[in-house]
Amino acid sequence: MISSKLPNVGTTIFTTMSQLAAQTGALNLSQGFPDFDGPQALRDAVARHIADGHNQYAPMTGLPALREQVAAKIARSYGRTVNADTEVTITPGATQGIFCAIQAVIRTGDEVIVFDPCYDSYEPSVELAGGRCVHVQLDAQDFAIDWQKLRDALSPRTRMIILNSPHNPSGALISRAELDQLAALIADRDIYLVSDEVYEHLVFDGVKHVSVLAHEQLYQRAFVVSSFGKTYHVTGWKTGYVVAPPALSAELRKVHQYVSFCGVTPLQWALADYMAAHPEHVDQLPAFYQAKRDLFCDLLTPSRFTFSRVAGTYFQLVDYSAIRPDLNDVDMALWMTREQGVATIPVSVFYQTPIPEQRLVRLCFAKREETLRAAAEKLCVI
């Protein structure tokens with residue numbers, strides 16, 4: 001019998017709920033992917049580059065043209081000049097980028113602080129590096145950092161802190177003042193950051209995304225991770241990138257070259273072309289997704305769910321306390337999928353220690369209008 005290196009890991013809740021949605025014919029508002037295609041010009045570019053013979057290995061760090069477009073976008077969005085050759089690395093998905101960053105600096109016995117509720121890939125990556133996650137619960141109401149809990153969690157073994165803003169699953173945003181507070185807290189400590197910013201362009205109500213890239217002190221110790229899949233509606237392309245200072249990028253690349261070596265070549269060419277031709281795409285994303293959020297929330301207003309409109313991401317949390325307070329959120333998600341025809345994600349799976357009284361499920365609104373209307377119709381009669 002093999003002794004598992006990840007004994008506590010099974011099939012993810014995202015896979016489970018998507019499979020259940022397919023089996024039952026439920027509308028899938030669980031796993032975070034759009035039910036519409038990316039831009040036509042982007043998809044046409046892939047076909048063109050395949051036909052043009054761009055089908056062999058890309059450079060290990062990513063196509064120069066794509067790295068240059070990432071650097072240009074960062075300069076426009078955050079006012080930081082990064083070196084496309086030494087600070088930008090293209091990876092086969094943001095999850096792989098996060099994994100490589102963790103493997104690059106975490107050693108046996110190191111501790112990594114994560115904020116619950118947190119994305120499920122962080123902890124296995126830390127454990128495979130020989131480290132241990134220390135879970136710090138965000139505020140149960142607004143999902144803000146509890147600074148006293150963070151101070152208490154710091155130890156001489158703390159090697160990394162993982163941030164996620166806009167935050168999955170809550171949609172909460174980190175502020176510049178909070179980044180300043182974090183910088184002061186760790187100024188004299190040998191602590192690195194992974195800043196998971198895959199939803200960086202999905203921020204609403206006129207608010208601007210606050211990136212670690214724009215914070216000089218924190219960037220010098222950070223791996224900043226983002227996702228072309230989320231930004232360009234092509235999650236199945238599994239293409240992302242990591243931006244880090246040259247010394248950290250060099251360590252990241254040592255791992256990356258032996259995990260996948262490089263990303264998919266024609267996809268990188270297509271993304272580079274599209275970013276060069278359509279820099280406005282990222283500027284239009286907030287309004288595009290805010291319209292979906294507002295439509296969905298307006299449609300849910302007559303329901304018995306309670307909620308506050310999310311500040312970012314394409315996920316909406318809803319509280320079902322007035323509907324089935326007798327069910328925990330996993331059972332509620334299963335019941336909603338099987339009996340009500342809408343698949344969701346229970347929020348407790350993002351916690352090491354779930355909050356017993358919490359009654360929240362996560363709904364994805366990265367869907368066509370007809371999907372959102374059909375789902376809302378079902379949710380309003382529960």
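**Ground rules.** I number residues from 1 along each chain as its sequence is written, and for side-chain values I use heavy atoms, with hydrogens and water left out. As the model is predicted, I take local features at pLDDT of at least 70 and side-chain atom pairs at pLDDT 80 or more, while totals for chains, interfaces and linings use all residues.

**Aromatic pairs.** I searched the whole structure and found 13 aromatic pairs, where rings of Phe, Tyr and Trp (its six-membered ring) pair if their centres lie within 6.5 Å, and where planes under 30 degrees apart count as stacked, over 60 as edge-to-face and the rest as tilted. I looked up Tyr-57 and Phe-261, an edge-to-face pair with 6.2 Å centre to centre and 70° between the planes. This pair links distant parts of the chain, 204 residues apart, with Tyr-57 in the loop between α2 (40-51) and α3 (64-78) and Phe-261 in the loop between α10 (246-259) and α11 (265-277); helices (H or I, at least four residues) and strands (E, at least two) are DSSP runs, numbered from the N terminus. For burial I use relative accessible area (buried under 20%, exposed over 50%, partly exposed in between, with a 1.4 Å probe and protein chains only). Tyr-57 counts as exposed because its relative accessibility is 74%, and Phe-261 counts as partly exposed at 34%.

I then turned to Tyr-289 and Tyr-314, whose ring centres are 5.5 Å apart with planes at 50°, so the pair is tilted. Because Tyr-289 lies in helix α12 (residues 281-300) and Tyr-314 in the loop between α12 and β9 (315-319), the pair ties together parts that are 25 residues apart in sequence. Tyr-289 is buried at 0% relative accessible area, and Tyr-314 is buried at 0% as well. I also noted one aromatic cluster formed by Phe-36, Tyr-199, Phe-288, Tyr-289, Tyr-314 and Phe-315.

**Charges over rings.** I count a charge as over a ring if NZ of Lys or CZ of Arg is within 6 Å of the ring centre and within 35 degrees of the ring normal. The charged end of Arg-324 sits over the ring of Trp-335, 5.1 Å from its centre, and Lys-367 lies over the face of Phe-33 at 4.4 Å from the ring centre.

**Strand β7.** In β7 (residues 222-227) I found 6 of the 6 residues buried, so the strand is largely enclosed by the rest of the structure. Ala-222, Val-224 and Ser-226 are buried on one side, and Phe-223, Val-225 and Ser-227 on the other. Strands pair if DSSP finds at least two bridges between them. Strand β6 (residues 192-196) pairs with β7 in the parallel sense over 4 bridges, and Asp-196 stands opposite Val-225. β7 pairs with strand β8 (residues 240-243) in the antiparallel sense over 4 bridges, where Gly-240 is the bridge partner of Ser-227.

**Salt bridges.** I found 18 salt bridges in the structure, each a side-chain nitrogen of Lys or Arg within 4 Å of a carboxyl oxygen of Asp or Glu. Asp-110 forms one with Arg-159, the closest N and O atoms being 3.9 Å apart, and both residues are buried. Glu-111 and Arg-132 meet in another at 2.9 Å, N to O.
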